Each structure stands twice: as C-alpha cells, then as structure tokens.
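Open the structure in your viewer and keep the sequence panel beside it. Each stop below says what to select and what is there.

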Amino acid sequence: MRYIESLNLKETIECFILIEPGLGYMIPVLKEKFNNSKIIALHADEQIKNEQELKHKCSASLYSADRSEIKLFLEKEIPDIEIEKISIIEWRPSQNYYKGAYVELLSVTAQFLKQTEAGRRTTSVFGKRWFKNFFKNLTFVNKGMLYRQTSLPIIITGSGPSLEQHLPLIAEKQDKYLIIAASSSVMALSSHGIKADIVIATDGGTWALKHFYPAFRNCFSHKQGLQTSFASILAVNLCAALPSQTKDLPFLLINDGSFWQNIVLQELKLPSVLIRQTGTVSAAAAELALLLSSGNIYLAGLDFSVNDIRTHVRPYAFDSLFFSKANMLNPFYTTSFTRSRLLKKGGSLDIYASWFKDQFNTWQKRIFPINEQLSDNGKYLKQDLSDFFNVINVKNESFNKRGAFALLNALKKSEYSNYLLQELSSLLFPKEKNISKYDLENKLREEFEL
C-alpha cells in the first residue's frame with residue numbers, strides 16, 4: 001500500500017503495466033484504488049506462474065522475456081488509449097533477481113509505448129486522409145497482381161544518404177536481382193540507369209506524390225503486360241497518396257490487416273498481401289521481400305539517421321523545392337541544416353531504427369546490409385519476371401461505392417460492428433469519444449454521398 005501511494009498515480013490511469021511484480025502484492029491495492037483500470041503483468045519466466053495466478057489474478061499476464069513474445073502480447077492487450085493513461089510500474093526487488101531479463105521487459109515495453117504513441121499521433125492527423133485515399137485509389141485499380149514465391153535475391157532501396165555509395169554496385173548487379181524500391185529512392189536509381197522491378201508506396205501525405213513524377217518519366221513502362229517487356233509493379237497500400245497515372249500499372253495490393261480493409265477487398269475480390277502497419281515504407285518493403293522470395297535480401301539506403309546535414313540521397317525529389325526557395329539570406333545549406341536538426345529532434349528516425357534493430361533479431365537470417373558480399377543466385381534476368389508475377393485484369397465497376405456499401409452492410413451486423421467502430425472511429429473521429437454506430441453510419445453516408 002505504501003509503495004503504491006508513494007507513486008502518486010493519477011486517477012485518470014486506465015491501464016497499468018507491471019514489470020515482474022513477483023507474487024503480485026501490489027495488484028489488489030491497484031484493483032481497489034483503480035477498480036475500472038486494466039492491470040497487465042509481465043513476468044520474466046514461468047517460475048511463479050501458478051502461485052501468482054492463484055493469489056492475485058491480473059487482467060492479462062505474460063511469462064516470458066522474449067522480445068517478440070512481449071511485443072505480440074502488448075499489441076494484443078494494450079487498449080487503444082492515450083499514452084498519458086498508461087502507467088508502467090516496476091517492482092524493483094525483482095530486478096536484483098532477474099537482472100537482464102527484467103531490463104528486457106522494461107526496455108521492450110517502454111519502446112513499444114513510444115512507437116504506439118507515435119502511431120497514434122500520426123493517425124489522429126492523417127487518419128481521415130488515409131481513409132479518403134483508400135477509396136479514391138480504388139478507382140485507379142484496373143490490374144491486380146498474383147505472385148509465386150521465388151528464390152531470387154532481392155535488393156531493397158531506401159532514400160537514406162548512404163544509398164549514393166551503393167548505386168554503382170546496384171547498377172552493375174541489377175540484371176541478377178529483384179529490386180524493390182521505396183518511391184522516394186526512384187529518382188536516385190534513375191540517375192544511375194537503374195529500373196526498379198517493384199516500387200513500393202505507403203505514405204498517405206500529398207507530398208509523397210512528388211516522388212512518383214520521376215518514376216513515371218524514367219521508370220515505369222506502359223507497354224502491355226509483363227510478357228512483352230519489363231514493366232514496374234506498384235506495391236501499394238491503398239491509403240497511400242497516388243497520382244491518377246497509376247491506373248495504367250499492375251497493383252500488388254498491400255492489406256494492413258485492418259478489419260475494414262479486409263471487408264472491402266474481399267467484397268471487391270481484389271488479391272492482396274498482408275503486411276501490418278509499421279510507420280515506415282522500408283519496413284513494409286522488407287516484409288514484402290520476405291513474402292516474395294526465399295533468397296537473401298540486401299538493404300541499401302535504409303539509414304534512419306542523418307549524415308551531417310544530409311537527410312536523403314541525391315538526387316532527391318524534394319531538393320528542387322528547397323533550391324527554388326534559396327536566396328542570399330536563406331541559402332540552401334542553412335535550410336539543410338535546419339531540416340537535419342528537426343529530423344534528429346523529432347525522434348522518428350530513432351523509433352524506426354529501434355524497430356529494425358528488434359526485427360533483425362526475429363527475421364530469418366537472410367537480411368543483410370548491402371555492403372556485405374552479394375551472392376549471384378543464378379542468372380536471373382528482368383525479362384523473366386513473368387515467370388513469377390501474373391497480371392490479372394479486374395473489372396472496376398464503382399469499386400469505391402461498392403466498398404462503401406460493404407462497410408455499411410457490415411456495420412449492421414452485430415458480430416462486425418464493434419470491430420468497425422473501434423477501427424474507423426480513430427480514423428474518422430480522431431478527437432472524439434464514445435462514437436456510436438449511428439454516428440459512424442451517418443459519417444460514411446456523408447463521405448460517399450449515399
């Protein structure tokens with residue numbers, strides 16, 4: 001009791017995460033003081049599982065210090081609330097006994113909450129735009145994509161400054177590697193005569209459109225089908241910002257696993273690959289590569305850091321904007337310095353870097369930095385893409401309207417309505433609470449003029 005009182009916990013806390021609470025002596029105190037709050041216990045191992053659960057049962061408990069298990073558990077159990085309403089409580093006597101395992105529980109939990117809060121902030125700002133993008137982009141889908149897994153080696157390109165030093169090597173090896181390029185790296189690839197096999201886009205901001213313009217000038221081939229010539233494939237989450245020219249490309253649709261996207265894509269019978277949201281296109285590219293191939297995967301330009309005042313590879317689509325605004329009182333280098341400081345201060349690069357560091361421990365041991373020796377896995381040539389990817393024509397008949405009606409019909413079913421309310425409320429009503437099914441239905445009809 002005295003320990004809990006000493007923490008001066010706010011009455012607004014709705015979820016407690018207990019780090020190795022031992023036999024759980026503080027659990028009944030928390031239950032009495034915060035009887036409506038969720039209490040989650042993270043234990044380092046199963047040593048006291050039966051005894052603890054018999055004495056003081058939590059809302060949910062985990063008995064493992066494995067990083068991947070902790071993250072999956074937290075993803076499942078942490079409620080969708082502001083981080084200010086979540087409190088981590090340590091039980092320091094356990095630290096002396098469990099040592100490294102205790103630290104692992106604490107560090108993974110803290111990092112998870114940091115990433116989750118960053119995602120919440122992004123959703124609150126861009127959620128409505130993502131939703132509108134999804135249905136707008138449905139009107140562009142005229143060609144879908146089916147694939148079979150290959151053993152081809154893959155190069156993934158991001159737009160970090162280090163990509164420049166690897167461009168000559170990628171240009172030399174491009175005929176023997178499947179190249180998956182973040183849309184922001186396409187301009188740099190094109191400057192070295194490199195054509196990406198797959199361009200991936202997940203960014204919902206309108207600024208992301210600028211990355212596509214050099215792609216259409218230099219990269220995408222509009223000739224009919226993969227059988228006749230090389231043509232880039234667009235791997236995209238439909239929530240991304242896409243120009244209308246993409247209607248001529250085959251779409252390898254990325255489904256982030258959300259319930260509402262599943263409903264729409266199934267209704268329209270559009271094939272997709274399941275890749276969960278991570279906040280960065282580089283992570284989505286890595287997950288896609290693992291699905292497409294059993295071969296080695298090499299990363300280039302995925303820096304998640306700033307090189308002095310350089311934030312991105314050169315050339316880069318946004319540079320022209322800053323050059324055009326430069327003058328004697330505000331030179332380009334001053335703008336670059338300011339941008340680099342803001343990126344560092346924002347912390348998003350650190351979050352992504354931490355996520356990748358964790359993933360390297362769980363991914364199969366076949367993802368490497370490109371500076372490690374590349375393996376020429378056979379004599380793969382780009383004209384052989386049709387052996388692994390199959391373009392299918394789809395009959396796009398009011399996809400956006402049909403998708404909207406699918407959501408409205410699902411909302412009427414009791415087994416689906418709660419899931420839809422939870423997901424769509426955060427997108428369409430980011431700053432409001434207690435949204436009803438009636439509110440959501442009216443919002444959908446208003447959005448689609450139904």
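**Start in a helix**

Select Val 103, which sits in helix α6 (residues 100-138); helices (H or I, at least four residues) and strands (E, at least two) are DSSP runs, numbered from the N terminus. This is a predicted model, in which local features need pLDDT of at least 70, side-chain atom pairs count only at pLDDT 80 or more, and totals for chains, interfaces and linings use all residues. Residues are numbered from 1 along each chain as its sequence is written, and side-chain values use heavy atoms, with hydrogens and water left out.

Is Val 103 buried, partly exposed or exposed? Its relative accessibility is 44%, so Val 103 counts as partly exposed (buried means under 20% relative accessible area, exposed over 50%, partly exposed in between, with a 1.4 Å probe and protein chains only). Val 103 and Ala 65 lie 38 residues apart in sequence, and their C-alpha atoms are 9.2 Å apart in space.

**An open sheet**

Next, display the four strands β3, β2, β1 and β4, which form an open sheet in that order with parallel pairing. Two strands pair if DSSP finds at least two bridges between them. The edges are held by β3 (60-63) and β4 (86-90); each has a single partner strand, so one side of each is left without a neighbour in the sheet. On average, neighbouring strands here are turned by 15° against each other, direction ignored. Such axes are lines fitted to C-alpha atoms, for helices over the stretch in contact, and angles run from 0 to 180 degrees between N-to-C directions.

Zoom in on β1 (residues 15-19), which pairs with β4 in the parallel sense over five bridges. Select Ile 19 and then Glu 90, its bridge partner in β4.

Select Asn 8, in the loop between α1 (2-6) and β1. Its phi is near 50°, a positive value in a residue other than glycine. Asn 8 is exposed, with a relative accessible area of 65%.

Then select Glu 20, in the loop between β1 and α2 (27-33). Glu 20 also has a positive phi, about 40°, although it is not a glycine. Glu 20 is buried, with a relative accessible area of 1%.

Move to helix α4 (residues 67-77) and colour its buried residues: Ile 70, Lys 71, Phe 73, Leu 74 and Glu 77. They cover an arc of only 165° around the axis, which puts them on the same side of α4; the arc is that of the directions from the helix axis to the C-beta atoms. Turn the view to the face away from this buried side to find the exposed residues Leu 72 and Lys 76.

**A covered strand**

Select β10 (residues 251-255). Five of its five residues are buried, so β10 is largely enclosed by the rest of the structure. Phe 251, Leu 253 and Asn 255 are on one side, with Leu 252 and Ile 254 on the other.

Which strands pair with β10? Strand β9 (residues 233-237) runs parallel to β10 and is joined to it by four bridges, with Val 236 opposite Leu 253. Strand β11 (residues 272-274) pairs with β10 in the parallel sense over three bridges, with Asn 255 opposite Leu 274.

**A cis peptide bond**

Select Arg 314 and Pro 315, which are joined by a cis peptide bond with omega about -5°. Pro 315 lies in the loop between β12 (297-300) and α13 (319-325).

**Helix contacts of α16**

Finish with helix α16 (residues 399-411) and helix α17 (residues 414-428), whose axes come within 8 Å and cross at roughly 125°. That makes α16 oblique to α17 (angles under 35 degrees count as roughly parallel, over 145 as roughly antiparallel, 65 to 115 as roughly perpendicular and the rest as oblique). Show Leu 407, Ala 410 and Leu 411 in α16, which meet Tyr 416, Ser 417, Leu 420 and Leu 424 in α17.

Technical notes. Contact = heavy atoms within 4.5 Å.
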